[in-house]
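Please look over the sequence and the 3D structure shown below before reading on.

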Amino acid sequence: MGGEALLFLFAAIVSALLLFIMVYFIIMFSDLECDYINPIDLCTKLNQFVLPNYIAHAVLTVLFLITGKWLTLLFNLPLLGYNIKRYLDNKHMFDATEIFRTLPYDKKESFIKLVFFFVSFFLYLYGMVMAILHNKSLYA
Amino acid sequence: MGSQPPMTPQPMGSQPPTASQPPMASQQPFGSRSGTPQMSRPPFQMTSGQFSPQLSSRSPSPGFPPPPTDKAMPQSPNIGNASPQTGRHRQKYPDQMGKAYSNGPESLPGMNQGPQQPPQFFVPGNMGQPNMMQRDLQSPGNNFQNPMNNFQNPMNNFQNPINNLSNSFSNMNLNQKNVTSVSLFDAPPNVQTIDNCPEPVIPAQFCMQSSEKKNPPYGYCCSTLNAVPQNNALLQKSKIPFGIVLSPYKNIGPDEPEVPVTSPEVIVRCEICRAYINPFITYVDQGTRWKCNICHVVNDLPAFYSWDSKTRQAVDRNTIPELNSSVVEFVATREYTRGPPQPVVIMFVIDVSFQSIQSGMVATAARTILSSLDNIPNYDNRTKIGFVTYDSTLHFYNLNANLTEPQMLVVSDLDDVFIPAPDDLLVNLSESRAIIEAFLNKLGNMHKTTQNVSSALPAALTAANKILGPIGGKIAVFQSNIPNCGKNSLKKREDPSLYNTPKESTLLQPADHWYKDFALDCSKKQICVDTFIFSGQYTDVATISTLPRFTGGSVYFYPGFDASRAEDATKFSSELNRFLSKKIGLEAVLRIRTSRGLTIKGTYGNFFLMATDLIQLPNVNPDNCYALEVNIDKDLTSEKYVCFQAAVLHTSNNGERRIRVVTNVIPVTNNLTEVFANADPRAIAVLTAKKAVEKTITDKLEDARNLIISTCVDIMGAYKQAFTSSGQASKLLIIDNLSLLPVLIQALLKNIAFRRGNIPSDIRSFALSVLLGSPIENSLAYIYSKLYAIHILDANTGLPIPNTSEVYMPPRINLSMQRMTQDGIYLLDNSQHIIIWLSRGSNPELVNALFQKPYEAIPSGKTTLPTPNNDYATRINNIIEFIRKSRLISYNNLPYVYVVKEEDNNRGWFISHMVEDKLDSELSYPQFLSHLREQVNINY
Ligand SMILES: [Zn+2]
């Protein structure tokens with residue numbers, strides 16, 4: 001397996017992880033709405049995943065930049081930009097006192113990210129397969 | 001204090017007061033909202049057939065038409081003749097707008113269904129304010145034996161209006177387009193109607209039963225819409241925000257009935273939605289089962305509601321409080337208690353840095369606490385208190401009953417607070433009484449020589465939290481300084497160059513997240529934080545007020561406190577005494593249940609929101625008020641009415657677990673006219689104020705201003721679209737019952753919390769906390785101050801109303817300098833302060849009677865009026881005392897009395913209350929109306 005295939009494999013695994021985190025977020029939000037969890041616990045639980053989530057995505061994007069995968073880089077840039085903006089505005093963490101006010105927005109955001117990581121996952125798989133096939137065709 | 005710059009004295013008060021008016025427990029033959037039973041005409045029969053009566057043929061210009069000069073004098077001054085000279089020529093104040101109103105409110109059609117008295121001598125109870133009092137003649141005193149009756153009594157006089165009401169509900173569809181519109185340009189707002197809060201409604205469905213069941217009095221619960229649109233589309237069409245303003249645990253005035261307490265064998269609740277049984281359920285199956293009014297499920301009714309096994313008699317359900325009174329308190333049975341109920345626990349956290357000692361705050365606090373020890377609720381001798389003081393170190397006090405002298409333990413490591421002798425810092429008030437007294441006697445002098453200007457508030461709070469953690473309780477913080485020492489200290493971030501810029505809102509938001517996190521931690525441990533702030537300097541009220549905001553507490557603010565001034569000392573010690581002695585509910589939660597199809601979209605007030613319908617309150621504070629905004633999610637076509645039930649589970653001061661239940665029902669309508677005709681401008685203004693406070697804290701001040709003004713523009717626009725024909729674009733029309741909305745909205749924009757201008761952020765933050773926390777009556781007076789002319793008194797004005805604790809008040813007048821004369825004496829009550837305005841030309845005899853001094857010798861600023869033995873002074877003192885007493889009871893705020901003379905520096909402060917006049921960059925009322933009209937015409 002070539003380096004390119006490995007890169008895409010790694011990206012696919014990371015996307016899958018991020019995808020699961022988003023599923024977890026959405027489940028927790030609906031738990032909050034159903035009163036199964038209180039806002040303070042919710043925020044402590046979710047907040048520990050926020051920065052790892054941002055960092056993992058940023059690392060992927062940087063990897064694509066280094067390896068010159070321009071198309072996938074372009075695909076990831078908008079989300080990177082959005083994450084950076086949230087971080088700079090200091091709005092990336094969940095605040096227990098405002099969670100009910102921001103909940104509709106947070107849910108929408110998590111859902112869009114979920115779709116994004118879902119698409120990325122298959123995109124990277126496809127990229128990996130193409131890279132393997134390409135490799136084979138080179139040496140066959 | 002008198003030499004303060006004009007702007008600053010504003011928020012001198014502390015805790016805002018509320019309802020000087022008791023809940024509207026009995027009837028008054030007026031009320032500006034349709035749908036109330038006491039109206040002389042049925043609610044939905046809208047006067048004559050056509051809307052927009054041709055009020056005036058004058059062209060509505062931006063200003064009101066120029067008046068004939070002698071008519072420009074508004075209602076009050078010409079009336080009465082207590083002063084001999086007032087009848088003479090009278091000059092108006094410099095005409096600020098260049099124009100004045102032409103017709104007095106008397107000529108306003110439909111604006112006030114209330115008693116529109118012709119100018120005459122005093123008919124008590126005839127003008128705005130006195131009505132409240134007359135009402136109280138009917139339910140004097142509170143009889144403990146059967147308090148419930150007080151909630152019902154008044155009803156009996158009501159048969160006719162009730163029938164009118166029920167008729168009108170059945171006629172709902174008949175008068176589709178008969179709307180009485182008011183053209184706002186034609187007349188000034190009739191502010192006397194602000195006080196005419198709607199009476200509690202008897203829902204049509206229940207008015208034919210043998211015992212009439214009515215909604216809670218206004219102070220407990222009021223809705224912006226007293227007829228709920230059938231679906232969201234109709235609500236959106238009206239643009240009126242749908243919300244509820246709630247004070248389920250409100251303070252009870254001396255003339256108000258107590259809430260009936262009931263202890264049934266079993267607390268009956270709906271199987272499905274868990275709503276409590278209430279007056280608005282329906283009995284089915286010959287009264288053996290009941291249908292829930294919230295979810296419509298049918299439940300079994302326990303036998304004890306039908307048959308009393310002890311007396312072996314059938315039960316008269318009309319005597320059972322929970323089946324008849326919409327405000328009721330259940331004594332909780334065992335399943336509502338977890339462990340022993342919390343005792344009253346108070347931890348005093350007192351700043352003893354140089355400023356605190358210098359201002360006399362510590363000595364005054366110690367003296368007041370000492371004298372209030374007997375007033376602290378101490379049922380069963382379970383009450384505990386403790387003290388922590390701090391400057392750059394923490395001082396703990398061992399108050400163990402076995403000691404002969406209190407021991408001071410100093411901890412100087414602020415980063416990792418160590419609690420010495422944890423068992424002896426919080427002691428039983430009764431057991432350690434002697435040593436507590438010894439300590440308080442010393443406390444005033446203990447740190448007398450300190451030069452320490454540091455204040456380690458966060459460390460002191462952490463310590464108090466650790467001590468109280470296991471049992472919960474109350475932390476009372478006394479802070480004179482910006483917390484400038486140790487971890488999480490605050491910096492002086494006030495920067496006047498940010499005023500009036502988008503960055504200003506950063507000054508109004510907490511500087512450090514720790515304070516919010518700490519508050520949440522306290523909330524979790526059932527600890528409530530109340531803050532008393534004393535400082536002439538910047539103290540970062542914005543950050544410190546986060547502590548009470550999320551724990552159900554209050555902010556008390558005494559800028560520039562100096563105990564050597566009698567007024568300051570009295571104010572602080574009265575409020576602290578009341579703070580310690582007032583009734584509070586401990587470890588409380590407030591659950592709000594609504595009919596299916598309604599969901600709560602926003603909640604505003606001092607608390608921590610645990611779920612969209614569950615509010616956590618370490619203390620349920622009677623001074624606080626909560627507002628909800630509601631969405632209509634589903635079509636309500638099949639519903640005749642919707643229902644709100646607020647239930648506060650709490651521990652009362654006698655150690656009992658109790659549930660205060662407030663139930664409110666509102667009819668549903670499919671008719672836009674009825675939605676408008678039953679909207680309440682007071683509740684809309686107060687809800688909007690609370691929303692705007694939230695917006696200021698989370699977004700920007702300008703966003704909050706836009707929210708306020710767009711609320712008004714949208715409502716006016718929606719009304720225009722629905723009810724105005726073309727060709728009326730030059731007019732600004734609104735249905736009569738909403739005619740006060742623009743003036744309230746404008747006053748809100750000019751409130752110190754929201755107006756533009758160079759306003760110190762501490763002052764703004766305090767104003768925001770008043771608006772966010774205070775109950776409806778207090779908020780209304782804070783938004784639109786009460787102005788009275790006191791140089792001319794009616795025969796009864798200022799005399800006590802027999803059999804009540806109230807006083808006949810003068811009529812309110814509009815907040816405009818044009819309504820004032822140059823020889824007048826005026827009294828302004830903005831809920832935080834009482835300001836006496838002396839004109840240069842004030843009648844010297846009256847001035848002398850009141851102050852015992854000539855005009856020139858009267859000092860301006862905070863004053864204590866002399867109490868000379870003459871009729872005039874007695875009456876004025878009665879009025880002032882009445883206002884102060886009712887504010888102290890209703891919102892724990894004892895307003896200062898200020899004297900402002902016409903040529904004073906403080907003149908600008910007084911004038912800033914004149915919200916109908918132009919002020920700096922803020923518009924005058926007619927200009928504001930033009931602006932509204934412009935916006936409405938652009939957008940609709
Ligand atoms: Zn139910």
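The sections below describe a metal site, a helix residue and a strand with its partners.

## About the model

This is a predicted model, in which local features need pLDDT of at least 70 and side-chain atom pairs count only at pLDDT 80 or more, while totals for chains, interfaces and linings use all residues. Residues are numbered from 1 along each chain as its sequence is written, chains are lettered from A and ligands numbered from 1 in the order in which they are written, and side-chain values use heavy atoms, with hydrogens and water left out.

## The zinc site

The zinc ion is held by the SG atoms of B:Cys270, B:Cys273, B:Cys292 and B:Cys295, at 2.2 to 2.3 Å; donors here are N, O and S atoms within 2.8 Å of the metal (3.2 Å for Na, K and Ca), and because water is not among the atoms, sites may look incomplete. Along the chain, these donors follow the spacing C-x2-C-x18-C-x2-C. B:Cys270, in the loop between β5 (261-262) and β6 (282-284) of chain B, and B:Cys292, in the loop between β7 (289-291) and β8 (298-300) of chain B, are 22 residues apart, and the pair links distant parts of the chain.

The arrangement is tetrahedral because the 4 donor atoms subtend angles of 102 to 114° at the zinc ion, and four donors count as tetrahedral if all angles lie between 85 and 135 degrees. The ideal angle for four tetrahedral donors is 109.5 degrees. B:Cys270 has a relative accessible area of 0% and is therefore buried, a word that means under 20% relative accessible area (1.4 Å probe, protein chains only); B:Cys292, at 1%, also counts as buried.

## A buried serine in a helix

B:Ser238 belongs to helix α4 (residues 232-238) of chain B, where helices (H or I, at least four residues) and strands (E, at least two) are DSSP runs numbered from the N terminus. With a relative accessible area of 0%, B:Ser238 is buried. Leaving aside residues up to four places away in sequence, B:Ser238 touches B:Leu672, B:Val675, B:Phe676, B:Ile715 and B:Ala718, contact meaning heavy atoms within 4.5 Å.

Strand β30 (residues 825-829) of chain B pairs with β31(B) in the antiparallel sense over 5 bridges, pairing being counted if DSSP finds at least two bridges between two strands. β31(B) and strand β33 (residues 896-901) of chain B pair in the parallel sense over 6 bridges.

Conventions:
Tetrahedral: all angles 85-135°; square planar, octahedral: opposite > 155°, others 65-115°. Buried < 20%, exposed > 50% of the residue type's maximum accessible area, 1.4 Å probe, protein only.
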